[in-house]
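Please keep the sequence and the model in view while reading the points below.

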Amino acid sequence: MRIIKTNDVTEMSRKAANIISAQIILNPKSVLGLATGGSPIGTYKELIQRYKTGDLDFSTITSVNLDEYKGLSGDNNQSYRYFMNHNLFHHVNIHLENTFVPNGTIEDATKACSDFERKIEVVGGIDLQLLGLGHNGHIGFNEPSDSFSKETHCVELTQSTIDANTRFFEKSEDVPKQAYTMGIGTIMKARKILVIVSGEAKADILAQVIQGPITPHVPASILQLHHDVTIIADAAALSKVTL
C-alpha cells in the first residue's frame, strides 16, 4: 500500500489526476473503474482540463462505474449515470457507448447485477479503479457487514449512508434505500486501485483502513491485501495515521 500525503484537497485531486493521466497515456485502451460522490469531482475537473489542452485523449478508453441507485433512471439528476455525464463524460471525447454504469431501472436485481458483472468481464477487467472512502469504511456501496461481498450485488443502504445522501434530495423519502454495486471481490480484481480521501471527518476511518485489522466491518480494510493500491489523502485525513 503506497500512501501519498498532500497539503489539501486541491493537491490530492491533482496527484490523482496525474496517476489516471499516466494510465491513459501508457495504455490508451485502458478500462477505468470510476467513482461518484464529492471526492472525485476535483480529479475529474483536472482530467477535463488536460483533455481541453490536448494532453489527454479518451477516445479509446472504456469506463465502468462502481454503483448506481436502484430505481433511478440515467436522466434522474441524482443518478450516478447523470453525475458521470455532467462531471466528466460530456466534457471529454470518450464514447458514451463505452461507458458503463449499472442499470438502476432493472427491477430484477439478479439480472441487473449479473449483466453488469458480465460486462466487466467482456471489456477485459478493470485496469485502474478509482475509489472514495465512506465515513463507515464503505467502498462502492459495500457497507459494513459480517462478510466480504464477492460480485456485483444489490445492497440495502445503511441509515448512515441514507442520511448522508439526504442533502441531495428534495425530500428524505425520495432517497433510494437500495443500490447496485460492484462487490469487494470485483473491486479487488482491478489491476490497480487508487483511493482518494480528504478531510478530518475521514481521519478515524482511514486509520482503521490502513492500520487496523482486515475485517468486513471496515470494508475498505481488505485493500491491505491488494498488490497495487495507492492512497492519496490530505493532511487532515491522515492526521491519525502513523506514517
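A residue is called buried when its relative accessible area is under 20%, exposed when that area is over 50%, and partly exposed in between. The model shown here is predicted.

**The chain as a whole**

- The protein chain contains seven helices and ten strands.
- Its radius of gyration is 17 Å, close to the 18 Å that the globule rule gives for 243 residues, so the chain is as compact as a globular protein of that length.
- The C-alpha trace spans about 45 × 45 × 35 Å along its principal axes.
- Of the 243 residues in the protein chain, 52% are buried.
- When contacts between residues at least 6 apart in sequence are considered, 80% of them join residues at least 24 apart.
- The chain exposes about 11000 Å², and carbon and sulfur atoms supply 49% of this area.

**The largest pocket**

- The largest pocket holds about 780 Å³ of space.
- Its lining comprises 35 residues, of which Thr36, Gly37, Gly38, Asn165 and Arg167 are the closest to the centre of the pocket.
- Two or more lining residues come from each of helix H1 (9–26), helix H2 (41–52), strand E4 (67–69), helix H3 (80–87) and helix H5 (159–165).
- Helix H5 gives the most to this lining, with four residues.
- By class, the lining of the largest pocket has 13 nonpolar, 19 polar and three charged residues.

**The cavities**

- Rolling a probe the size of a water molecule over the atoms shows where empty space is left.
- There are two cavities of 30 Å³ or more.
- In the lining of the largest cavity, eight residues are nonpolar, one is polar and none is charged.
- The second largest cavity has a volume of about 30 Å³ and is lined by Leu133, Val195, Leu206, Val209, Ala220, Leu223 and Ile231.
- The lining of this second largest cavity has seven nonpolar residues, with no polar and no charged ones.

**Leu56, in a loop**

- Leu56 is found in the loop between H2 and strand E3 (62–65).
- Is Leu56 buried or exposed? Its relative accessible area is 5%, so Leu56 is buried.
- Beyond its neighbours within four places in sequence, Leu56 is in contact with Ser21, Ile24, Ile25, Leu47, Arg50 and Tyr51.
- Leu56 and Val92 are 36 residues apart along the chain, and their C-alpha atoms are separated by 8.9 Å.

**Asp204 and helix H7**

- Asp204 belongs to helix H7, which covers residues 203–211.
- Asp204 has 45% relative accessibility and therefore counts as partly exposed.
- From C-alpha to C-alpha, Asp204 and Leu34 are 24 Å apart in space, and they are 170 residues apart in sequence.
- Which residues of H7 are buried? They are Ala203, Ile205, Leu206, Ala207, Val209 and Ile210.
- These buried residues pack against strand E1 (2–6), strand E9 (192–197) and strand E10 (229–234).

Note on methods: Residues numbered from 1 in each chain as written. Predicted model: local features only at pLDDT ≥ 70, side-chain atom pairs only at ≥ 80, totals over all residues. Heavy atoms only, no water. 1 Å grid on protein atoms, 1.4 Å probe; cavity = no way out; pocket = protein on both sides within 12 Å on 5 of 7 lines; lining within 4 Å. Points joined across faces, edges and corners; volume = space filled by probe spheres on them. Nonpolar A, V, L, I, M, F, W, Y, C, P; charged D, E, K, R; others polar. Rg over C-alpha atoms; globule rule 2.2 N^0.38 Å. Buried < 20%, exposed > 50% of the residue type's maximum accessible area, 1.4 Å probe, protein only. Contact = heavy atoms within 4.5 Å. Areas by Shrake-Rupley, 256 points an atom, 1.4 Å probe, with all protein chains shown as cover.
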